[in-house]
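Visitor: I'd like to learn how to read a few features off a model like this one. Could you take me through them one at a time?

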Amino acid sequence: MSVTQRSPVTFVVTILALVFLYVPLAVVVLFSFHATGALSFPFTGFSFRWYEETLSSPEFRAALWNSTVVALSVSFFTLILGTMAAYGLMRCRPRLRAPLAALFFLPITLPGLFVGISLLVYFARLGVQLSFATVAIAHFVFVFPYFFLIATAALDRLDPALEEAASDLGASPGTVFRKVTLPQVWPILAAATALSFALSFDEFIITFFVIGPDSTLPMFIFSKLRRTVDPSINVVSTLLMAITLALWAVAFIFVLRAARGRARRADALLLGGAS
Amino acid sequence: MNVQTRLSIEGVTHRFGRVTALDSVSLAIEEGELVTLLGPSGCGKTTLLRIIAGFINPSEGRVVVEGRDVTGVPPHKRPVNMVFQRAALFPHLDVRANVAFGLQVAGIRGEEADGRIAEALRLVRLEGYEQRRAHELSGGQMQRVALARALVNRPRVLLLDEPLSALDLKIRLEMEVELRRVHRETGATFVYVTHDQREALALSDRIVVFDNGHIEQVGSPDEIYHAPASPFAARFVGDANVIAVDVVSAQGDRAVVAVGGIHLDVASRVEVGAGPAWLVLRPEVVRLSSAHNGGLRGLVLDSAFRGTGFSYRVQIDGLAEPMKAEIAAEHGAPFSVGDDVSVMWESSSCRLMPHTATNVDYHQSDNESAD
């Protein structure tokens, strides 16, 4: 048992911080179920009215569809290209490894505003029409480093002797990847793909610069805020939050799964050494 | 070329950057032989094994398997298989699927595959373990699976990279027996890398002693032990005392040497001239007795019980390093640390080695870390 000094001040500060963090979220969710159009207390009644209204709105449906298509294509290309980049990095010359990894990873440090403006200028220079394609490309730039970081970490932890063993047993490089590498890293890659989807799904700043006449879900909320203020905004926000949370949960489950596998293997090594 | 040569290494040199890991090594391994590559870590033995497997392409030289030059051929196209130091079993597959891996990628299926897998598992005595995963096996069992996984492909040469080094002593000794049995039953050609001289002596038909990227000596365990070709081989195999002496006079196979300030009559076995030389003395031929008994005078620095006897380290006046001595338990009462003793040996039980270009700057401390 650890003996910890509990100070009442620490306790109060912790509670206040948590309240500060979560109460606004709770209020948003609560008022999405409000019976009237008011967005402030008192809460006068519970209803699904705003959900029905929002879900039947063609604008909302279009935005939801757009966001989904963009996020799906972004996470698909990130999965393929990110995995290739991380796998290639593992087997390139050690001297090149660190600088290449840094180049792939660097965009993560750039502010969204900067990425958005520079991509807008870039697309304008090339004469590319702003569309979902430009949004998807911009999201790819934004999401790729996150995926790359996770995939590199997962592949780094693989025992290189396993791939050598497979190749020694007659497997061509492609077969080694399919039969030995992938079965061990896929939970992590799946988690990273879910995160890519979530990151793209609720991205706002970069999207703001490179989107054309159409709308993604965050853009829809933004434009709605400027026109009418009613609980349908809360509904969209709540749905956005729910979808994102669900994706993070999916990612978390995959990571847990991978960690369990690793722990079992570590146990096996320890037992193997001791018995 | 001899038709029975299974594997030949021809002038293989390998450099990692500016470091020469292997320096024009040549070696021929016969069909059915169990050859050990023995040496301290960093001597190049593992590099050579990885060159044979195809994981490393040598800077110079050729690897020839049954007359076919396989230099530059990728590992998955070579007729050799390897057992890795830490088994490297595929964690997502069970025992049977691990063993089946090589057959599967070779397109061997159905009855033939089933028969060969069952045969391989029987060979390593793991029938009934087909459904287990790697994490449900002990270390020794994992290495058996790794052995079966390699042998099921009927490799022309089986490579073993320190397969027992991660196991504890008891399992290691059992596995040595198993490896000898598997080698006998299969008649396969084994190339076995180890840094453990005891393991090499117990397992091998022939031992190749490596040091610093070159071969020091090739011979049967008996030859290596009793007729080491260099101070390094003597010290690495059997932990001999290697003492710097001055040859005062030599006649035939007898010589008089100055060591620790006194003159001793020793068997030289080889032609030596007057001047500096190495005296090689196995710990088990060294005899200790109470002081003032003639011979070299020494002080007992350390004593350890070994079951069959005691091993001592004795500091002798005028010698740089303590002398190691193994004394059987029935040879009188053991000595204690701090005792004055006199150190003797049969003059015929030691060897004299003349200084040569390669051993003149030999230092015992070079291999202190290896056992």
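Visitor: Let's start with B:Thr46: is B:Thr46 buried or exposed?

Guide: First, keep in mind that this is a predicted model. The general idea is to count neighbours: a residue is buried if 20 or more other C-beta atoms lie within 10 Å of its own. B:Thr46 has 20 other C-beta atoms within 10 Å, so B:Thr46 is buried.

Visitor: Where does B:Thr46 sit, and which residues does B:Thr46 touch?

Guide: B:Thr46 belongs to helix H1 of chain B, which covers residues 45–53. Leaving out residues up to four places away in sequence, B:Thr46 touches B:Asp161 and B:Val193. For a sense of distance, take B:Val257, which is 211 residues from B:Thr46 along the chain: their C-alpha atoms are separated by 39 Å.

Visitor: What does the rest of chain B look like?

Guide: Chain B has eight helices and 20 strands. Its C-alpha atoms fill a box of roughly 80 × 45 × 35 Å along the principal axes. Of the 371 residues in chain B, 41% are buried. Contacts are worth a look too: among those in chain B with a separation of 6 or more, 66% are between residues 24 or more positions apart.

Visitor: Next, backbone angles. Which residues other than glycine have a positive phi?

Guide: One case is B:Ser24, with phi near 35 degrees. B:Ser24 is found in strand E2 of chain B, residues 19–30. Another is B:Arg154, which is not a glycine either and has a positive phi of about 50 degrees. B:Arg154 lies in the loop between helix H4 (139–151) and strand E7 (157–161) of chain B.

Visitor: Why does B:Ser24 count as partly exposed?

Guide: Go back to the neighbour count: 12 or fewer would be exposed, 20 or more buried, and partly exposed is in between. B:Ser24 has 14 C-beta neighbours inside 10 Å, so B:Ser24 counts as partly exposed. B:Arg154 also has 14 C-beta neighbours inside 10 Å and therefore counts as partly exposed.

Visitor: On to chain A. How do I read a helix such as H1(A)?

Guide: Compare its end-to-end reach with the expected span, then look for bends. H1(A), residues 8–31, has 24 residues and reaches 33 Å from its first C-alpha to its last, close to the 34 Å expected. H1(A) bends by about 35 degrees at A:Tyr22, and the proline A:Pro24 follows within four residues. H1(A) is also hardly covered, with a count of one buried residue among its 24.

Visitor: And how do H3(A) and H8(A) pack?

Guide: With a helix pair, you read the axis distance, the angle and the handedness. H3(A) (residues 58–90) and H8(A) (residues 173–201) pack at about 140 degrees, with their axes 8 Å apart. They are therefore oblique to each other. H3(A) passes H8(A) in a right-handed crossing. Contacts bring together residues including A:Val70 and A:Val74 in H3(A) with residues including A:Leu189 and A:Phe197 in H8(A).

Visitor: What about H6(A) and H8(A)?

Guide: The axes of H6(A), residues 132–156, and H8(A) come within 9 Å and cross at roughly 160 degrees. That makes H6(A) roughly antiparallel to H8(A), because angles over 145 degrees count that way. The crossing of H6(A) and H8(A) is right-handed. Among the residues that meet are A:Phe142 and A:Tyr146 in H6(A), and A:Ile188 and A:Leu195 in H8(A).

Definitions and conventions. Residues numbered from 1 in each chain as written. Chains lettered and ligands numbered in written order. Predicted model: local features only at pLDDT ≥ 70, side-chain atom pairs only at ≥ 80, totals over all residues. Helix = DSSP H or I, 4+ residues; strand = E, 2+ residues; numbered from the N terminus. Expected span 1.5 Å × (residues − 1). Bend = angle between axes of the 7 residues up to and from the residue. Axes fitted to C-alpha atoms, helices over the stretch in contact; angles between N-to-C directions. Parallel < 35°, antiparallel > 145°, perpendicular 65-115°, else oblique. Left-handed = near helix turned anticlockwise from the far one by under 90°. Contact = placed C-beta atoms within 7 Å.
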